[in-house]
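Let's take a walk through this protein together, from its strands to its rings and cores. Keep the model open beside you as you read.

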Amino acid sequence: IKEIKETSKSYKILVIDDGSKDNTYDLAKKAGSNYTIKNKKNLGLAQSFKKGLDECLRLKADMIVNIDADFQYNSKEIPKLIQPILDNKADVVLTDRNVLNLKHMPFGKRYGNIISTLVTRFVSGYPVKDAQSGFRAFSREAALRLNILSDYTYVQETIIQAVDKRLRIVQIPCEFRRREGRSRLIGSLPSYAKRAGLTI
């Protein structure tokens with residue numbers, strides 16, 4: 001939140017606390033989030049993302065940027081993420097972490113990301129470079145047309161839907177920092193591959 005506020009004072013910040021037990025809701029409000037939602041129980045990434053999109057639309061957002069809260073993405077890159085939408089060249093902006101060359105990403109996860117991207121590319125027919133990156137921007141029109149059905153992950157589904165609905169997609173490179181701690185979304189790679197595969 002601090003880094004986003006340093007990037008621009010005009011951005012409105014919505015935090016989704018997905019039923020956590022670590023006081024995220026109160027800490028987010030204290031840190032200066034403009035809006036904070038707390039799920040009574042853990043709904044998972046996809047449904048929390050959907051809830052966030054719906055709330056942003058209700059709040060009449062012009063553009064929506066999704067960013068994970070684990071500080072791996074550099075929120076100071078938000079201006080370059082939204083520029084293609086401002087220039088009317090994109091409805092959806094995806095980021096590319098250049099996973100193949102991410103030495104700090106564990107080997108299994110790195111190649112799991114690459115395989116999942118290849119599958120998403122094959123299914124969607126779109127030459128996506130990084131299907132799993134969660135740092136994305138959406139125009140209001142794009143957000144209105146996306147309908148998240150998965151209860152696990154939204155990243156591949158939104159790309160497939162965007163292509164199917166003929167939304168304009170732009171891809172840009174982004175910084176991806178070393179993670180402190182382990183991922184809670186991907187407890188095991190085979191489990192993630194199975195559930196993400198079912199979503200695709």
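Which unit do strand 1, helix 2 and strand 2 make? Together they make a right-handed β-α-β unit, where right-handed means that, with the strands pointing away from the viewer, the path from the first strand over the helix to the second runs clockwise. Helices (H or I, at least four residues) and strands (E, at least two) are DSSP runs, numbered from the N terminus.

Before going on, a word on the ground rules: this is a predicted model, in which local features need pLDDT of at least 70 and side-chain atom pairs count only at pLDDT 80 or more, while totals for chains, interfaces and linings use all residues. Residues are numbered from 1 along each chain as its sequence is written, and side-chain values use heavy atoms, with hydrogens and water left out.

Back to the unit. Strand 1 (residues 14-17) and strand 2 (residues 35-38) run parallel and are joined by 4 bridges; strands pair if DSSP finds at least two bridges between them. Leu14 has Tyr35 as its bridge partner in strand 2. In a regular strand the side chains alternate between the two faces of the sheet. In strand 1, Val15 and Asp17 make up the covered face, and Leu14 and Ile16 the uncovered one.

Now look for the rings. The structure holds 4 aromatic pairs, meaning rings of Phe, Tyr and Trp (its six-membered ring) with centres within 6.5 Å; planes under 30 degrees apart count as stacked, over 60 as edge-to-face and the rest as tilted. One of them is the tilted pair of Phe49 and Phe138, at 5.9 Å centre to centre and 55 degrees between the planes. Phe49 lies in helix 3 and Phe138 in strand 5, so this pair ties together parts that are 89 residues apart in sequence. Both Phe49 and Phe138 are buried (under 20% relative accessible area with a 1.4 Å probe, protein chains only; exposed is over 50%, partly exposed in between). Ring pairs also bring Tyr154 into a cluster with Phe49 and Phe138.

Finally, turn to the cores. A nonpolar core is a set of buried Ala, Val, Leu, Ile, Met, Phe, Trp, Tyr and Cys residues joined through side-chain atoms within 4.5 Å. The largest one has 23 residues, and Val92 and Leu94 have the most contacts inside it. Helix 3 gives the most to this core, with 5 residues. A second, separate core of 19 residues includes Ile82, Val93, Met105 and Ala137.
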